[in-house]
Amino acid sequence: MSIKISTTWTNVLSSEFEKPYFKDLISFVEEEYSDSICYPPKSEIFSAFDFCSFDDVKVVVIGQDPYHGFGQANGLCFSVNEGVSFPPSLVNIFKELVGDLNQPSPKSGNLERWASQGVLLLNATLTVRQGEAGSHQQKGWEIFTDAVIQKISNDKENVVFLLWGGFAKKKGVKIDRTKHHVLETGHPSPLSANRGFWFGNKHFSKTNAFLKSKNRIPIKW
């Protein structure tokens with residue numbers, strides 16, 4: 001499988017692509033896509049990078065797995081394709097967005113509009129087998145996405161990292177918090193949100209307030 005990823009990311013991650021673990025990972029992904037139904041479509045595995053160049057990154061949202069249902073995953077964490085019903089986590093994300101910013105609820109669950117403004121919507125694992133959550137974990141994706149987070153932390157300044165839930169918080173341990181703004185809260189899934197760990201976090205307005213304080217253009221959520 002050829003790595004089709006935007007030029008700015010290729011420059012930043014080229015050494016990662018040459019490492020043995022990554023070559024083994026790509027072989028595994030090729031085999032899985034040949035033998036099973038997997039998501040997202042192969043052409044969209046690296047969509048998070050295609051819609052948000054390294055130079056443009058202002059915000060990073062860290063997810064876990066792609067959605068594993070038919071037609072849902074499009075390579076951006078928490079995002080679904082046009083016309084697809086919103087999964088429960090995305091429903092709660094939009095509820096918080098509406099309450100925080102006092103704006104209408106989005107009509108589309110496709111978050112390309114966020115990504116194109118500099119929001120890197122990064123799943124820890126970029127692929128999954130249909131109907132089997134976590135099926136592509138511990139195959140190398142986590143090493144790769146850790147490297148991505150580390151590169152952003154090392155090479156950029158004043159990025160907002162949104163860490164939603166325990167898994168994302170663990171992924172964010174190595175972020176340099178003297179250079180970047182880290183916001184943490186519970187996961188937007190119903191299990192967490194209904195226990196009071198999600199709603200009221202105001203991450204959307206807090207993100208924009210920080211960006212404005214650094215003379216950066218806020219996100220049109």
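A pocket, as I use the word here, is an open set of grid points with protein on both sides within 12 Å along at least five of seven lines. The model I am reading is predicted.

**Entry 1, largest pocket.** I looked up its volume first. The largest pocket holds about 300 Å³ of space. Its lining comes to 16 residues. D65, P66, Y67, S89 and H187 are the ones that lie nearest its centre. I then sorted the lining by class and got 7 nonpolar, 8 polar and 1 charged residues.

I noted a volume of about 210 Å³ for the second largest pocket. Its lining includes E142, D146, I149, F167, K170 and K171. Two elements, α6 (141-155) and α7, each give two or more residues to this lining. The largest share, 5 residues, is from α6. By class I have 4 nonpolar, 1 polar and 5 charged.

K171 belongs to helix α7 (residues 166-171). A polar atom of the K171 side chain lies 3.2 Å from the backbone oxygen of E142. Setting aside residues up to four places away in sequence, I find K171 touching I62, A124, E142, T145, D146 and I149. Of the residues touched, E142, D146 and I149 also line the second largest pocket.

I searched the whole structure and found 1 cavity of 30 Å³ or more. About 80 Å³ of space lies in the largest cavity. I listed 16 lining residues for this cavity, with P66, G75, L76, C77 and N123 nearest its centre. P66 was also on my list for the centre of the largest pocket. Strand β3 (residues 119-123) supplies the largest share of the cavity lining, 3 residues. The classes here are 11 nonpolar, 4 polar and 1 charged.

Which residues have the most contacts inside the largest nonpolar core? I wrote down W9, F49, W114, L120, F144 and I152, in a core of 66 residues. Helix α2 (residues 20-35) gives the most to this core, with 7 residues. I then followed L120. Beyond its neighbours within four places in sequence, L120 is in contact with W9, A48, F49, C52, V57, V59, V60, V61, V148 and I152. W9, F49 and I152 in that list are themselves among the residues with the most contacts inside the core.

Terms used. Residues numbered from 1 in each chain as written. Predicted model: local features only at pLDDT ≥ 70, side-chain atom pairs only at ≥ 80, totals over all residues. Heavy atoms only, no water. Core = buried A, V, L, I, M, F, W, Y, C linked by side-chain atoms within 4.5 Å. Buried < 20%, exposed > 50% of the residue type's maximum accessible area, 1.4 Å probe, protein only. Helix = DSSP H or I, 4+ residues; strand = E, 2+ residues; numbered from the N terminus. Contact = heavy atoms within 4.5 Å. 1 Å grid on protein atoms, 1.4 Å probe; cavity = no way out; pocket = protein on both sides within 12 Å on 5 of 7 lines; lining within 4 Å. Points joined across faces, edges and corners; volume = space filled by probe spheres on them. Nonpolar A, V, L, I, M, F, W, Y, C, P; charged D, E, K, R; others polar. Polar contact = N/O pair within 3.5 Å; in protein donor to acceptor, adjacent residues only side chain to side chain.
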